[in-house]
Amino acid sequence: MPNHPSPPGSLSRRAVLTGTAAAAGIGLTGCGSITGGLSGKTQIKQWNLLAGSDGAVMTAMHEEFGKEYPDYDLQATTFTWGTPFYTRLVMGASGGNAGDIATIHLSRLKSISPGTLMDPITVDELEAQGIRESDFNAATWDRCFVDGELYAIPIDTHALVNYYNRTVCEQAGVLGPDGTLLETQGVEDYFDVLRAVKDVTGEYGTSLDTLGGWRQFWAWYRQDDGEMTFGDGDFEMDDDKALQAIEIMYRMSEEGLCPQFADGGQCAANFENGAAAFVQVGNWEINRFKAFNEAQGLDFSMTEMPDFFGNRRTQGDCHSYVLPRHNNWDPEVREATITYAAWMLKHSFEWGEGGGHTPAYLPVTESAEYQALQPNAEYSGVVENVQFDPDVWFSGAGARLYDETSSIFNQVYGLAMTPDEALDLIKERIQTLLALPNPVE
Amino acid sequence: MTAVQEKTTPEARPQAAPKRRFKKPTVGAVIVYVSAAALALMWLVPLLWALSTSLKTETEASLGQDIHWLPENWSLEGYRTLFERGDHLTWMLNSTIVSTIVTVLTLVLCVTAAYGFSRFDFPAKNVIFAAIIAGLMVPSQALIIPLFDLVNDLKLAGTYWGLALPQVVAPVMVFILKRFFDAIPRDYEEAAKLDGAGHLRILWNVILPLSGPIMAAVGIFTFIGSWNNFLWPLLVATDPSMMTLPVGLGVVAGGYGLFYAQNMAAAILGALPLLIVFMIFQKQIVRGVAGVGLK
Amino acid sequence: MTVQTETPEQASPATSRPPNPTAKKKSWTGLWFVLPFAAFYALFLVWPTFLGLYYSFTDKSLTGRPASWVGLDNWREAFGDERAWAALWNTAEFTIYSTPPLVVLAIVLALLVNRARRMGWFLRMAFFAPFVVPVSVVTMIWIWVYQPDGGLLNHYLQLLGIQDATQPVLWLQNEDTAMWSVVMTTVWWTVGFNFLLYLAALQTISPDVYEASSIDGANWWQQLWGITLPLLKRTTALVIVLQLIASLRIFDQMYLMTGGGPNRATEVAIHYIYIAGFEGYRIGYASALSYVLFVLILIVSIVQFRLFSRKEA
């Protein structure tokens with residue numbers, strides 16, 4: 001039985017429209033949704049988790065796509081970010097009944113068991129839409145493969161970046177002659193900058209999301225080449241380097257250089273209302289700050305993460321498309337789905353401009369137009385510096401490692417836990433997670 | 001009860017005491033009426049508040065505004081955006097379809113089974129009946145894990161059948177109907193049998209016409225139960241196009257963001273269908289609930 | 001207005017004796033009538049019951065990768081799982097908080113409506129109407145009412161001077177109040193059903209009983225304790241058992257209002273099964289957890305069955 005709304009058979013349409021009892025309608029439309037079969041178009045069901053300001057960019061792009069392809073009916077649904085989204089994706093796919101295409105974080109690809117729950121994508125069908133392997137960064141492309149099959153199409157790279165308020169920074173004297181932030185080397189150097197701007201703001205130096213501490217931890221830990229590897233029931237991490245990263249959090253908060261508590265909204269608000277001259281947050285907030293600039297004025301720019309340990313590595317991820325497993329694909333829907341994905345890649349300039357993400361599709365990022373795009377050009381280096389989460393089934397965006405460590409880091413920022421205690425607790429939690437049987441393999 | 005037919009004269013108005021056969025001081029009656037009315041109003045406050053919010057503009061409805069009951073600017077904005085989004089209607093249609101399948105199938109299956117148990121003797125009858133009675137005690141919520149897996153294996157996930165069929169199994173209805181059929185005297189059937197009627201004809205022409213109220217009660221309760229079922233459709237209706245009203249409102253409602261007027265318009269529209277059913281069938285529903293307690 | 005004093009049809013078995021089946025000879029005809037239901041019953045109730053038991057001995061995963069037999073591992077883990085016990089305790093907590101108001105309030109409402117018969121139609125509608133409202137609508141409305149800043153509840157509490165406007169209660173976000181908030185919503189939503197049960201029971205009490213005691217000089221209060229409440233005992237037993245079973249299965253309100261939070265303070269049994277099975281992909285382990293709950297509900301149900309089948313006889 002096809003699990004898709006059958007192509008709009010005239011029979012079913014007439015049956016429903018003439019007011020035949022609802023029950024009779026079911027027999028006629030097979031088992032798909034009654035309303036789904038009525039539009040007379042090929043329906044593409046897209047599931048995403050983009051509820052932030054990048055979601056608005058995506059919706060605008062979808063409208064354009066709809067205009068260009070009037071025969072396609074794109075039904076996009078946004079679910080709550082993190083666990084609720086991934087739960088629904090896996091539950092739907094386990095019955096062959098999720099959307100036709102979904103956005104995920106590439107770091108979560110293995111955790112959604114692509115071998116059993118996703119449908120592989122062939123290089124041929126991508127090429128038919130003009131998308132080639134050479135259009136992507138080789139490292140990113142490789143990460144889309146699991147067991148030799150291509151399961152994901154990368155959309156972008158996104159990462160933790162550093163936004164700065166130019167007005168405040170200028171007053172504090174930390175801008176270079178070209179009006180960009182002075183580069184610093186080492187933690188102390190950057191702390192001096194924070195102290196300087198704190199004197200101007202009177203409140204904080206930098207703002208950050210204290211509930212998303214994993215991102216900052218992983219960036220700083222990786223800057224000093226910290227590794228986290230997982231074996232069978234065992235794991236290895238570098239305690240000294242981890243402690244050093246957690247101490248940065250503690251000291252920053254202790255000295256009042258960052259807030260002791262700020263959730264996503266508060267974290268951005270601190271930057272908008274000038275309580276902090278910097279905000280270390282994902283590039284996806286760009287649209288929000290741009291809108292704020294238009295409404296109330298906020299002269300800001302963005303740069304890569306400050307260099308703490310000899311480089312500017314940062315934590316990040318890739319949004320990508322996957323095709324959840326279908327019991328069987330209607331060839332028309334499949335083609336429409338790939339067409340949609342290809343269209344989105346080719347138009348990902350908008351995605352970069354509005355969402356702040358660095359498009360994965362090289363013809364876009366290599367275009368002169370994109371190279372000149374500000375402030376994106378200023379942090380274009382993140383693509384080389386981005387550090388993906390460790391490779392284990394409970395790791396990745398919004399996964400359990402992220403959730404549990406972040407709630408610990410939140411205590412560190414709140415000065416309710418010392419770095420030593422935090423490290424012990426983190427190791428304990430990881431041990432608990434490791435003790436769980438791996439449900440994916 | 002005939003109390004209401006007895007018109008009270010205008011002079012008697014202060015003495016609003018109901019006609020009881022035993023005397024009660026008027027003051028007591030007034031207290032009863034006033035407190036009952038006050039409680040009833042209190043009970044309706046959340047629904048009325050939702051209605052009031054839904055008729056405001058988004059600006060007026062948003063948090064931080066003064067709390068006032070009558071909208072300053074009456075507006076159907078919330079309802080309009082809701083209809084433009086369209087998914088609310090889809091969900092309502094889905095709910096209607098699923099609840100109808102469940103109700104019709106439950107009635108057909110339970111009536112035939114109850115008739116079979118009531119009127120025939122057949123091999124293993126007692127064993128089967130005992131097994132079904134044991135089912136009264138099996139909590140379907142504790143079966144969600146294997147049931148989800150089963151429906152996936154049957155390739156029914158995300159279909160109307162997958163939503164409806166697992167809700168059809170209602171041993172309690174078989175039990176109730178059997179007891180009712182047991183109580184119907186057999187004389188009518190004997191007469192029909194002499195006329196050469198088959199078993200199905202007897203069920204249809206003799207038994208069912210005598211079972212109107214009980215069928216109505218079973219039907220209405222099955223329909224309400226299925227319409228308001230949340231957990232099962234939450235699991236199997238993964239795509240929004242297949243969601244029932246309670247699930248769609250609960251899961252996709254996040255997409256409404258902070259639009260309270262729209263949110264409450266959705267709530268009001270979501271409450272309306274069954275409130276109307278309730279108004280129409282109040283008598284049957286009340287009697288049905290009473291039946292649970294008095295049987 | 002039609003106040004329900006007539007006895008429901010089901011009461012008639014007492015008068016007309018059920019036919020004696022043994023008088024009929026055995027034939028296969030009856031089986032055909034029973035078969036369709038029995039087939040559904042076997043497929044969607046009996047089969048999953050055994051399937052779940054089987055899964056509880058495997059490491060079956062939602063991802064569909066091959067499962068293997070793990071013996072008693074899941075069961076051992078379930079009994080040592082602190083989060084599972086905490087979820088069971090939260091379920092018990094909900095039951096303990098919600099049962100008394102659902103009984104007492106229902107009696108009060110039924111007594112009032114039984115006396116205020118002229119408004120019977122309106123009162124019954126007001127008290128029972130919430131019961132037919134879908135759960136997600138109920139929670140949407142109550143989340144709106146509970147809004148800490150600008151919600152209806154805090155607004156009136158502040159007007160009455162019970163609450164300090166600078167320190168609004170975070171009803172659903174505070175560990176101490178979240179469970180109570182869910183209980184309050186549940187009482188509003190479901191008390192109407194119990195109320196109707198009590199009302200029906202009250203209306204079967206013959207007025208003669210009261211008349212007789214009035215002659216003996218009993219006042220209203222004495223009648224309440226001496227006559228009415230004792231006669232409602234059976235209904236109360238039914239209400240409590242139904243409430244126990246419903247509470248063990250509680251899930252919807254918590255899932256929708258608090259998501260089990262804050263800090264798992266409202267995470268109940270079914271919710272944890274959902275988390276283990278669907279969020280954690282562990283079908284095998286969740287099946288074992290389900291069975292623990294299953295057995296608990298079974299015990300309560302058997303108590304109920306014994307309690308009420310005795311009355312039948």
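In chain A, 78% of the contacts with a separation of 6 or more are made by residues 24 or more positions apart. The model is predicted. Chain A contains 20 helices and 16 strands. Its radius of gyration is 24 Å, close to the 22 Å that the globule rule gives for 441 residues, so chain A is as compact as a globular protein of that length.

**Chain A: dimensions and burial**

- The C-alpha trace of chain A spans about 75 × 50 × 45 Å along its principal axes.
- Among the 441 residues of chain A, 49% count as buried.

- The C-alpha atoms of A:Gly82 and A:Pro390 are 17 Å apart in space, while the two residues are 308 residues apart in sequence.

**Helix H9 of chain B**

- Helix H9 of chain B comprises eight residues, 187-194, and the number of them that are buried is zero, so the helix lies largely in the open.
- Just after H9(B), B:Gly196 adopts a positive phi of about 85 degrees.

Conventions
Residues numbered from 1 in each chain as written. Chains lettered and ligands numbered in written order. Predicted model: local features only at pLDDT ≥ 70, side-chain atom pairs only at ≥ 80, totals over all residues. Buried ≥ 20, exposed ≤ 12 C-beta atoms within 10 Å, placed from the backbone. Helix = DSSP H or I, 4+ residues; strand = E, 2+ residues; numbered from the N terminus. Rg over C-alpha atoms; globule rule 2.2 N^0.38 Å. Contact = placed C-beta atoms within 7 Å.
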